[in-house]
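Subject: Model handover

Hello,

Here is the structure we talked about. My notes follow below it.

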Number of protein chains: 2
Amino acid sequence: MPSAAPPHGLPLAQRLRAIEPFRVMEILARAKVLEAQGRDIVHMEIGEPDFATPRPICEAGIAALEQGELFYTPALGMPQLREAIAGFYRTRHGIDLAPSRVVVTTGSSGALLLVLAALINPGDQVLMADPGYPANRHFVRLLEGEPVGIAVGPDSRYQLTPALIERHWGSRTVAALVATPSNPAGTLIGHEDIAAMAAHARQRGGALIVDEIYHGLVYEGDARTAVDAGDNVFVINSFSKYFNMTGWRLGWMIAPERHVRDIDKLAQNVFLSAPAPAQYAALAAFAPDTLAICDARREEFRARRDYLVPALRELGFVIPQMPPGAFYVYADCSRFTADSHAFTLDLLEHAGVAITPGIDFGTHRARNHVRFAYTRPIARLREGVRRLRDHLAAPARGL
Amino acid sequence: MPSAAPPHGLPLAQRLRAIEPFRVMEILARAKVLEAQGRDIVHMEIGEPDFATPRPICEAGIAALEQGELFYTPALGMPQLREAIAGFYRTRHGIDLAPSRVVVTTGSSGALLLVLAALINPGDQVLMADPGYPANRHFVRLLEGEPVGIAVGPDSRYQLTPALIERHWGSRTVAALVATPSNPAGTLIGHEDIAAMAAHARQRGGALIVDEIYHGLVYEGDARTAVDAGDNVFVINSFSKYFNMTGWRLGWMIAPERHVRDIDKLAQNVFLSAPAPAQYAALAAFAPDTLAICDARREEFRARRDYLVPALRELGFVIPQMPPGAFYVYADCSRFTADSHAFTLDLLEHAGVAITPGIDFGTHRARNHVRFAYTRPIARLREGVRRLRDHLAAPARGL
């Protein structure tokens with residue numbers, strides 16, 4: 001009998017103990033129950049734009065579906081899409097990039113799985129910010145690596161720094177993973193810091209993985225891509241957020257040339273290919289009319305942010321920096337609670353406002369934080385803030 | 001420095017040494033080069049139906065794209081699709097299945113990753129047939145498990161048997177993985193054998209994973225599904241083959257009820273959701289007009305098989321059993337060569353016929369076998385056979 005066999009008689013992988021469901025799913029499920037009972041819920045928990053996919057992208061997809069020839073594509077992606085992505089780095093970032101370095105993936109999740117599978121052996125460590133996107137540590141655990149969460153706070157804008165990477169890089173560390181703009185804080189890392197992190201990783205024989213999936217959604221500051229920050233840098237991006245293609249499951253990675261062959265054989269085995277309908281549709285993503293739509297929506301996100309952050313601060317949430325990117329606000333709620341998870345459940349139940357508890361993003365001061373997403377129109381954000389104000393002012397909750 | 005660091009200064013996972021690219025990709029790439037030079041190539045290497053996706057499926061997809069609201073779906077799949085899949089087991093197999101056991105996945109590859117991630121710890125063994133679908137052993141290796149290929153041949157129709165599973169099940173074995181119909185041999189496992197394998201696995205505290213992705217493409221014999229073969233059975237299926245949706249990347253799994261929660265949290269982290277365009281489109285897959293198209297195409301596959309197998313036998317290939325399913329013929333070519341890989345390269349170069357070498361499917365007598373796919377119209381198969389005949393008759397190749 002395998003030693004891991006639980007009472008029910010089937011094996012169970014140890015990794016399941018370390019891989020947690022997103023708590024926000026519990027919030028979302030409860031919100032749906034309340035809505036089914038006729039309650040109105042203001043959704044500020046959802047990490048997904050509320051905009052439909054831009055029409056030109058859908059039209060390109062429809063043209064492919066009219067043809068009906070949705071066969072497997074090469075594992076690294078359709079050549080014309082890889083070229084279009086490389087072209088986007090040229091036109092938007094002024095960077096010349098060989099299309100051979102572009103790997104089209106099944107969402108940025110697919111990219112993350114491929115790069116980690118190519119880099120880590122059992123027990124190898126990957127450094128990452130705590131708080132951070134929760135699936136990152138779970139991907140590392142899935143592959144029997146050890147995610148090392150490094151506590152970060154307002155003093156580093158909730159980001160890793162070159163100094164933190166230097167301090168925490170150990171003999172089993174093979175990579176550091178950063179996100180700019182980040183989830184949950186929406187903050188950036190400057191290009192000099194990225195380059196310094198890449199250089200340190202390189203000196204230690206390791207890689208730097210840079211998650212740029214919110215890269216199109218930057219409202220101010222340095223939004224330079226990391227693709228030219230070093231020959232040990234893997235950049236991950238996605239059509240989900242800026243291009244409003246979440247459900248299509250399409251992302252990409254810019255890999256160092258010498259790693260592409262290994263990533264190709266992993267992709268052949270694990271994914272066969274990224275979804276063909278999404279690849280055909282995404283060929284229209286870089287057209288001027290599509291980019292105009294996406295940029296207009298970015299301005300709408302900016303307007304929401306410019307409304308929401310001051311409003312939350314006025315209520316008593318502590319938000320050290322105006323978040324320059326993504327569509328999230330990571331707020332210190334310790335004025336109201338020492339248990340932000342209970343706080344979010346209470347808020348949903350009694351005020352009809354859904355937000356995400358800090359524990360979804362790690363352990364460091366997680367119980368003092370919540371995440372607001374501004375993925376709903378301003379009118380709904382106003383309604384959410386109004387409910388929050390009433391809820392927090394109620395005597396039993398003692399402001 | 002990590003001990004695995006290669007000379008170029010970046011870490012490299014050991015698993016990359018065990019995970020091989022599909023040799024058929026090399027054949028396909030060379031075929032494309034020859035075609036670009038003006039050569040006509042008969043493709044009998046491709047494991048993908050040549051039929052476009054049935055029109056009603058495309059139309060359902062187009063309707064969703066017209067709406068444009070392609071958001072993330074629940075990680076386990078859209079509820080209405082899970083219900084439709086459960087309904088298909090009722091109407092086609094007469095089996096009552098709770099929709100809660102249906103997990104919609106990113107291709108059957110996604111299902112395989114999820115079930116193996118839920119079951120295996122490092123060093124755990126998974127039994128599988130050699131020859132078999134090559135990605136199976138690579139998935140196990142990806143998750144740090146140990147794939148155990150069991151040599152099978154004509155005497156068991158290239159399939160595992162209850163006796164083989166009993167003989168090879170060891171203290172670290174947690175699961176056996178079988179496919180019916182199989183790739184590369186297209187053979188079936190009878191329901192009694194499936195039930196006996198499940199019972200043995202259960203007695204040893206393990207699981208049986210049954211790949212039924214070619215299940216709609218069965219031309220004779222017992223095509224009963226394994227979903228009711230035991231409470232430790234995971235059945236994997238796909239919209240790719242019978243429903244001609246390869247590029248859409250959509251599959252499903254029927255899991256034991258008590259494992260669904262673990263699979264859900266893995267799917268949340270690893271995939272977020274299966275592609276939404278494919279899920280909307282697949283809602284039309286079980287409609288009577290779609291099934292009529294798919295069944296007509298199955299009859300076309302049968303006609304191709306009925307032409308190809310006798311023709312290959314006449315040329316001198318040994319095919320012990322008329323393959324009852326899938327669209328493959330696994331043929332012993334030892335009359336012509338002791339190195340089937342070189343044979344396939346030579347055949348492509350000099351006869352313009354592309355087929356797959358046995359080494360893509362394992363090591364057991366791999367150099368004596370090749371796989372033919374009948375995924376092209378009969379006229380092309382005839383042309384391929386004609387070229388084969390001429391090639392094999394040429395004096396230098398000495399028949």
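Predicted model: local features only at pLDDT ≥ 70, side-chain atom pairs only at ≥ 80, totals over all residues.

Residues are numbered from 1 along each chain as its sequence is written, while chains are lettered from A and ligands numbered from 1 in the order in which they are written.

Two residues are in contact if their C-beta atoms, placed from the backbone, lie within 7 Å. Helices (H or I, at least four residues) and strands (E, at least two) are DSSP runs, numbered from the N terminus. Nonpolar covers Ala, Val, Leu, Ile, Met, Phe, Trp, Tyr, Cys and Pro; charged covers Asp, Glu, Lys and Arg; the others, Gly among them, are polar.

**Sheet of chain A**

Chain A has an open sheet of seven strands, order 2-8-7-6-5-3-4, with mixed pairing. Two strands pair if DSSP finds at least two bridges between them. Strand 2 (102–105) and strand 4 (146–151) of chain A stand at the edges with a single partner strand each, so one side of each has no neighbour in the sheet. Strand 7 (233–238) and strand 8 (251–254) of chain A pair in the antiparallel sense over four bridges. There, A:Asn237 has A:Trp252 as its bridge partner. Helix 5 (107–119) of chain A packs on the sheet, and its direction makes about 35 degrees with that of strand 8 of chain A. Helix 8 (191–203) of chain A lies across strand 5, strand 6 and strand 7 of chain A, at about 150 degrees to strand 6. Axes are lines fitted to C-alpha atoms, for helices over the stretch in contact, and angles run from 0 to 180 degrees between N-to-C directions.

**Chain B and its contact with chain A**

75 residues of chain B are in contact with 75 residues of chain A. Helix 9 of chain B gives the most to the chain B side, with seven residues. That side has 39 nonpolar, 20 polar and 16 charged residues.

**Strand 12 of chain B**

Five of the five residues of strand 12 (369–373) of chain B are buried, so the rest of the structure largely encloses it. Buried means 20 or more other C-beta atoms, placed from the backbone, within 10 Å of a residue's own. Strand 9 (328–332) of chain B pairs with strand 12 of chain B in the antiparallel sense over five bridges. B:Tyr328 stands opposite B:Ala373. Strand 11 (356–357) of chain B also runs antiparallel to strand 12 of chain B, joined by two bridges. Here B:Thr356 stands opposite B:Arg371.

Leaving aside neighbours within four places in sequence, B:Phe372 is in contact with residues including B:Met44, B:Leu308 and B:Ile355.

Best wishes

Key. Buried ≥ 20, exposed ≤ 12 C-beta atoms within 10 Å, placed from the backbone.
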